[in-house]
Amino acid sequence: MENKYHKFNACIEQDIAIEAKDDMPDAYRKTLIRQIGQHGHSEVIGMLPEGNWITRAPTLKRKAVLLAKVQDEAGHGLYLYSAAETLGADRDDMMEKLIAGKMKYSSIFNYPTLTWADVAAIGWLVDGAAIVNQVALCRTSYGPYARAMVRICKEESFHQRQGFEAMMALAQGSEHQKQMAQDAVNRFWWPALMMFGPSDDHSPNSAQSMAWKIKRFSNDELRQKFVDNTVPQVLQLGLTVPDPDLQWNESTGHYSFGEINWDEFMAVIQGQGPCNHERIEARRKAWQDGQWVREAAAVYAQKQAVAQSKVA
Ligand code: BYC
């Protein structure tokens, strides 16, 4: 019997992008909706910890930059929801699943932003980790997801640089500011490493996602890349990494680092992190408060369609 997905398999084999109207296995579609939907949710929920500081940014310049960054994250969420819709996902359904705790979003956004330095650390470390993951996704096998990533990465790279620059201002400032910068690194270092997901031997989705070339590198490979990229930046800032086991390994050409607290990671992704409840409540409120806008937009779109059909 001819393999129903012969063409799909050949495209994956030859690195030809799969497009929305191509035949694809249901499980491939489902995996992508899960990952892209969760990625979109991460961008949208990710606006909350930084958005919290827009009114308290230390200068007008920092406020303008932060406003633009948070707005970019909203845009990323929209590209991603659109990419999920090309696979047949429904945006309202994804939002309702997020609010009901049936869809995940990145663990990192369940940590609070206690000081301005935390906002700088998110730009530098969190966007930095996101870039490492997303540069790899620019070559993911599903075309609409890969193309969304190209644009997102350009914006994330600006975000990462502004975060580093804001961190540098603190690290070169007064003793108090330097301490704030170090505290932020202490708080965000390990959660940033957790963004890459469970270690390869505990990652249930990786083998199939690698076979389908949704993932091009494993969770541990990307985490290592992030550590190798970022440790020199921490040192350049005159700060330290909160890991007594961190050391440069001459023989591998990589930094080796300590064990991640996987119990903490599992608790956070199961809804028991410091801010999970607050984040979901904020989205629930926005979703409910925005209902009349969605309804009005739908009625307007319907009226426009009727008017256009009369002209035609
Ligand atoms: N947090 O088998 P695994 C941004 C879940 S936002 C929560 O390895 P997979 C930004 C995973 O979903 C950028 N959950 O899964 C925005 C799975 O659970 P389910 C966010 C996690 O999918 C605003 C289970 O654990 N980036 O840049 O093969 C301001 C087992 O994991 C996490 C993305 O979303 C986690 N960290 O690999 C600033 C990247 N890790 O679904 C910045 C896109 C794992 O089976 N996503 N889980 O119930 C990916 O690349 C992959 O989905 C992951 C996980 C590498 C995250």
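Buried here means under 20% relative accessible area, exposed means over 50%, and partly exposed covers what falls in between (1.4 Å probe, protein chains only).

A word on the ground rules. The model is predicted, so local features need pLDDT of at least 70 and side-chain atom pairs count only at pLDDT 80 or more, while totals for chains, interfaces and linings use all residues. Residues are numbered from 1 along each chain as its sequence is written, and side-chain values use heavy atoms, with hydrogens and water left out.

Overall, the protein chain holds 13 helices and two strands. Its radius of gyration is 21 Å, close to the 20 Å from the globule rule for 312 residues, so the chain is as compact as a globular protein of that length. That radius is taken over C-alpha atoms, and the rule itself is 2.2 Å times the number of residues to the power 0.38. Laid along its principal axes, the C-alpha trace spans about 70 × 50 × 35 Å.

Of the 312 residues, 47% count as buried. The chain exposes about 16,200 Å², and carbon and sulfur atoms supply 55% of that; accessible areas come from the Shrake-Rupley method with a 1.4 Å probe, and for residues only the protein chains shown count as cover. Taking contact to mean heavy atoms within 4.5 Å, 76% of the contacts between residues at least 6 apart in sequence join residues at least 24 apart. As for charge, there are 34 positive and 38 negative side chains, and the centres of the two sets lie 7 Å apart. In that count Lys and Arg are positive and Asp and Glu negative, with His and the chain ends not counted; each charge is placed at NZ of Lys, CZ of Arg, CG of Asp or CD of Glu.

A83 and G143 are 60 residues apart in sequence, yet their C-alpha atoms are 9.1 Å apart in space. Leaving aside neighbours within four places in sequence, A83 is in contact with I36, Y142, P144 and Y145. G77 is found in helix 4 too, and at 0% relative accessibility it counts as buried. Its C-alpha lies 5.1 Å from that of E43, a residue 34 places away in sequence. Not counting residues up to four places away, G77 touches G40, E43 and V44.

Beyond its neighbours within four places in sequence, E50 is in contact with L66, K69, V70, V119, I122 and G123.

I12 and A211 are 199 residues apart along the chain, with 8.6 Å between their C-alpha atoms. The contacts of I12, again leaving aside neighbours within four places, are I18, Y28, S141, A211, W212 and K213. K213, one of these partners, has a positive phi of about 60° although it is not a glycine. This lysine lies in the loop between helix 9 (206-211) and helix 10 (219-236). D15 likewise has a positive phi of about 60° without being a glycine. D15 lies in the loop between helix 1 and helix 2 (26-45) and is partly exposed, with a relative accessible area of 46%.

Finally, the cysteines. A disulfide is a covalent bond between the sulfur atoms of two cysteines, and the cut-off used for the pair of sulfur atoms is within 2.5 Å. The structure holds zero disulfides. The sulfur of C11 is 20 Å from the closest cysteine sulfur, in C138, which is too far for a bond. C138 is in no disulfide either, and the nearest cysteine sulfur to it, that of C153, is 3.8 Å away. C11 counts as buried, at 11% relative accessibility, whereas C138 is partly exposed, with a relative accessible area of 24%.

Conventions. Helices (H or I, at least four residues) and strands (E, at least two) are DSSP runs, numbered from the N terminus.
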